[in-house]
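Subject: Structure for you to look at

Hello,

Here is the structure I promised to pass on. Please open it and keep it beside this email while you read.

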Amino acid sequence: MFSNYNNEVELVINLSDLLRNIQEPVPMQTLPLFHSTRRSALPKMLLTGHIEAQEADEYFQEFLVFFFYGRARYIPEDELEDEFDPTDPPIVLVYDMEQLEIFPKRFVAFDSGGYGRLNIPLPLHEFAISMLTQGEELKKFIQRIYSENSNYLNKKITIDHHDYPLCSALEKLAALYNRLRERTSKPFGEQAYTVEIHYERKVPLAPVAVILPASMVSTPSGRQQVLAAFRFTEKQFEERVHGYDEMGETKFRMYSNILDIANSIVQKMDRNI
């Protein structure tokens, strides 16, 4: 499309169109997806066999199930007090996108929960990319911004500030990352560097790994319930079920434990990263 600024006409390429017009396949594996919720949500999931969206998202006005690509959801430190309830501790479900029979609806270039913090002078929808595959659009984006998965996981940006002057979204992202690198104060956490993925309405309850409170998995009865809930074998339980200590821990430490486990899962999964 054409935009007119100060009587000058310039071509602005939509990010979705740019990625869609990249024809060559990207030789990159997909990373695992992470969905965070609370223990109290698990009984309904087991009853229905799905993770289901409970209300329409405020911005997209759609019933969406949110995942994060290659890392667990980031929670700013000033929000931990409200997010973590010791009586209803968090659980994290880990998915392999390519094992699902449904396609994601879209991905967003960053955690949309941090959009207001990032101060980007473009509407959020400019950074939301529709997906028609199990991940090709996402891999093309990662390649353009980070070159490879390991750089994405380590938040190492490789895109140049001037590489895409005709694509406003990529140009603004490059400028954002340059700005974050130059900040001497604490940056905007992980949200700018975490791709968000949306599924519409519901996703089958079929995680390849789970992160649960240690109290749920440390007893024989708890173990049997987890085995039955996720249809894991005894061997899979040892490989796929990860407990974190929620007793006697500060909320920050509990959250840090979850992030450490999530990072460990990514590194151990059979991926070319």
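Helices are DSSP runs of H or I with at least four residues, and they are numbered from the N terminus. With that in hand, please note that this is a predicted model.

**K155**

Start in a loop. K155 sits between α6 (149-153) and α7. Is K155 buried, exposed or partly exposed? Its relative accessible area is 32%, so K155 is partly exposed. The cut-offs are under 20% for buried and over 50% for exposed. Leave out residues up to four places away in sequence, and K155 touches R71, E190 and Y193. Now look further along the chain. L259 is 104 residues from K155 in sequence, with 15 Å between their C-alpha atoms.

**L173**

Next, go to helix α7, which spans residues 168-182 and holds L173. L173 has 0% relative accessibility and therefore counts as buried. Which residues does L173 touch, not counting those up to four places away in sequence? They are A109, F110, F127, F141 and I145. L173 and L205 are 32 residues apart along the chain, and their C-alpha atoms are separated by 34 Å.

**E137**

Now find helix α5, residues 136-146, where E137 is located. E137 is buried, yet it has no salt bridge. Where is the nearest side chain of opposite charge? It belongs to R20, 5.7 Å away. Setting aside neighbours within four places in sequence, E137 has contacts with L19, F107, S130, M131 and L132.

**The largest pocket**

The largest pocket holds about 1,200 Å³. It is lined by 45 residues, and those closest to its centre are H35, S36, L64, F66 and R73. Several elements give two or more residues to this lining: β3 (33-38), α2 (42-48), β4 (50-52), β5 (64-69), β6 (90-95) and α11 (251-268). Which element gives the largest share? That is β3, with five residues. By class, the lining has 23 nonpolar, 13 charged and nine polar residues.

Best wishes

How values were computed. Residues are numbered from 1 along each chain as its sequence is written. This is a predicted model: local features need pLDDT of at least 70, side-chain atom pairs count only at pLDDT 80 or more; totals for chains, interfaces and linings use all residues. Side-chain values use heavy atoms; hydrogens and water are left out. Buried means under 20% relative accessible area, exposed over 50%, partly exposed in between (1.4 Å probe, protein chains only). Lys and Arg count as positive and Asp and Glu as negative; His and the chain ends are not counted. A salt bridge is a side-chain nitrogen of Lys or Arg within 4 Å of a carboxyl oxygen of Asp or Glu. Contact means heavy atoms within 4.5 Å. On a 1 Å grid over the protein atoms alone, a cavity is a set of points where a 1.4 Å probe fits but cannot get out, and a pocket is an open set with protein on both sides within 12 Å along at least five of seven lines; lining residues have an atom within 4 Å of a point. Grid points are joined across faces, edges and corners, and a volume is the space filled by probe spheres set on the points. Ala, Val, Leu, Ile, Met, Phe, Trp, Tyr, Cys and Pro count as nonpolar, Asp, Glu, Lys and Arg as charged, and the others, Gly among them, as polar.
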